Amino acid sequence: MENSEGVKIESTVVTEEPLISALDIALFVVIITVAYFWYFKRDKQSSSSEKKPYTIQPSSLSSIEQTSNSSFIKKLKSTGRSLVVFYGSQTGTAEEFAGRIAKEGARYKMKGMVADPEECDMADLVEMKEIQKSLAIFCIATYGEGDPTDNAMDFYEWLQNGDADLEGLNYAVFGLGNMTYEHYNEIAIYIDQRLEELGATRVHEIGLGDDDANIEDDFVSWKEKLWESVCSHYGIEETGEESNIRQYKLVDCSEVLPERIFSGEISRLKSYENQRFPFDVKNPYLSKIAVNRELHKSGDRSCMHIEFDIDGSKMRYDTGDHVAVYPKNSSELVDKIGELLNADLDAVFSLLNTDEESSKKHPFPCPCTYRTALTYYLDITSNPRTHIMKELIEYASDPKDQEKLKLMASSTPEGKKEFHEWILRDNRNIVHILEDLPSVKPDLDHLCELLPRLQCRYYSISSSPKVYPKSIHITAVLVNYTTPTNRVNKGVATNLLAQLIPTNDELPQPTIPIYIRRSQFRLPPKSQTPIIMIGPGTGLAPFRGFIQERDYARKEGREIGEMVLYFGCRKKDEDFIYENELQEYVANGTLTKLHLAFSRDQPEKKYVTHLLEQNADELWNIIGEKSGHLYVCGDARSMAKDVHSIIVKVVMEKGQMTNSQALNYVKKMEQQKRYSADVWS
């Protein structure tokens, strides 16, 4: 949150006073007391378990043993490895790709390891040249508005601020991004260029994966060419060994005491029973659902207004932030996997990394039951990637099933076509695959190793902390759709939330784990600055918070600037969410103008983009003549792009600029945070 500070200058009368007055002595005592309290409180906090409370530990290793050695160079040398694959991952995909590359290294006589840059001293890159035929590969995702992922932030800043001599370091970079976003693969591109600037040698050109298209395809194609470049650079040949080597081994934990078994916690054992501040991605807060009500007035779709109770949590949020919700898979799907594989879902097990040097001992919190793993930790509803098809081949007893899996796992045009049609187009998840290929019966522990982690879902917060300091509001559409195979797929988080209905005060209220993710989507620091908000559908969510905050300022007697909202939905009588609230804000003067587009209330569809084109004078008056701010929230693939094109056109026409000048003007608005987007694809 940006803040402005004022300096108050007061005139004083100089009089003769003792060298040290009673007031001076009193102030000195106060300062010493505060310093003493701060020092010992800080010391107490730093020595508490909150400093390093969330690392998932195997029972045989202590925290000190796991974190004492951050030198990946020493690990490479001591284990005879020459390949290290670093990952910058927010959702787990980059980490998964890194693991697949490290695993394949064995085929090229390059023993590899996966490394989290957050846990490594990246300055050790200067020593890579000491290892013969060594190679560092970086699988790096770009996150948010062109930001590094949380675990790659320190490495990114080290590259920015340092000038290490990386001559002798051989490297390659694969980026994970989304073409619909402005800062497409910005971090990977920077790292690739910066490493070269510091003297490192690029073994293979950068790969850019597009999650809006088929990032798996992008990765596989790049990876195949990568190994060709590696063979050429080092003068080595592929061994041809295609064996599926397990990364984790199964450990029977049937004798483990119940209190040592994870039951859905994200990281720290019993963290939901013994909640500890601060709450974050590894330590979410178990929030009660205070309100869950339907926003749609009619129709066959559902949109929920949900309020999470954060009273007593010490959690703070700003208007425009996101809240992360940790979902769980439906018991119906989990039970189906147990039936298809004839497995005991209540058996307690652990998966232990076969690489003793790896900092990642387990793929998810262990030990736990298979039911817990499939419910809380593993993604069983998304489309599996091609490497899973490859790993399933050995479990197919029917030659036809085996051939189908081999085809989909291949990189041939026919294989890619089959994978795209059978998995992606038909929207099959792992349950559907096991149903439709009945001879495929993988070991459940191996399946748990292969499936990606279930990720939290992010929602724009639709409330202001000034008005609702003890609760967080979200606005979420219930996701249900029928696939081409006539199966009903359900959104993991929204369908769970739909079931969490508060009851009367006498019964325990439903709860769900959450944490707050900071955003750059912020109101102007001055309440007088005029703003335009463009948010069709649930894109209205953050603007509800914006309007609440400005309304709060108005009621305090502060001057507020113009607030113009563009909102659109299908039908006024069906899905005009928060209608009464918005009309009240118009009536009391907080909302200056409310432009509405109901796309299906007339023969020709009408969208907010049409209204923007009709109101060019108003747009230019605010963003051009009054230096106001413009905000967009919603679909990145079409709506946000269309809005951007319209704004450029308005700047050209009303600001009398060329296309190049208008593009630069809008770019400058973005740099000044006067043009902000909170979008998703």
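Author: Let us begin with the cysteines, where the count of disulfides, meaning pairs of cysteine sulfur atoms within 2.5 Å, comes to zero. This is a predicted model, in which local features need pLDDT of at least 70 and side-chain atom pairs count only at pLDDT 80 or more, while totals for chains, interfaces and linings use all residues. Residues are numbered from 1 along each chain as its sequence is written, and side-chain values use heavy atoms, with hydrogens and water left out.

Cysteine 139 is buried, with a relative accessible area of 0%, and cysteine 120 is buried at 17%; buried means under 20% relative accessible area, exposed over 50% and partly exposed in between, with a 1.4 Å probe and protein chains only.

Next come the rings. Rings of Phe, Tyr and Trp (its six-membered ring) pair if their centres lie within 6.5 Å, and planes under 30 degrees apart count as stacked, over 60 as edge-to-face and the rest as tilted. By this rule there are 25 aromatic pairs. One of them joins tyrosine 108 and tryptophan 227, which are stacked with 4.4 Å between centres and 5° between planes. Because tyrosine 108 lies in the loop between helix 4 (93–104) and strand 2 (112–115), and tryptophan 227 in helix 7 (residues 215–234), the pair ties together parts 119 residues apart in sequence; helices (H or I, at least four residues) and strands (E, at least two) are DSSP runs, numbered from the N terminus. Both tyrosine 108 and tryptophan 227 are buried.

In a second pair, the rings of phenylalanine 521 and phenylalanine 543 have centres 5.9 Å apart and planes at 45°, so the pair is tilted. Phenylalanine 521 sits in the loop between strand 18 (511–517) and strand 19 (531–534), and phenylalanine 543 in helix 16 (residues 541–555), 22 residues away, so that distant parts of the chain are linked. Phenylalanine 521 and phenylalanine 543 are both buried.

In helix 11 (residues 399–409) the buried residues are Asp401, Leu405 and Met408. Seen down the axis of helix 11, these fall within an arc of 65°, so they line one face, the arc being that of the directions from the helix axis to the C-beta atoms. On the other side of helix 11, Pro399 and Lys400 are exposed. The buried residues of helix 11 are covered by parts that include helix 10 (386–392) and helix 12 (413–425), where contact means heavy atoms within 4.5 Å.
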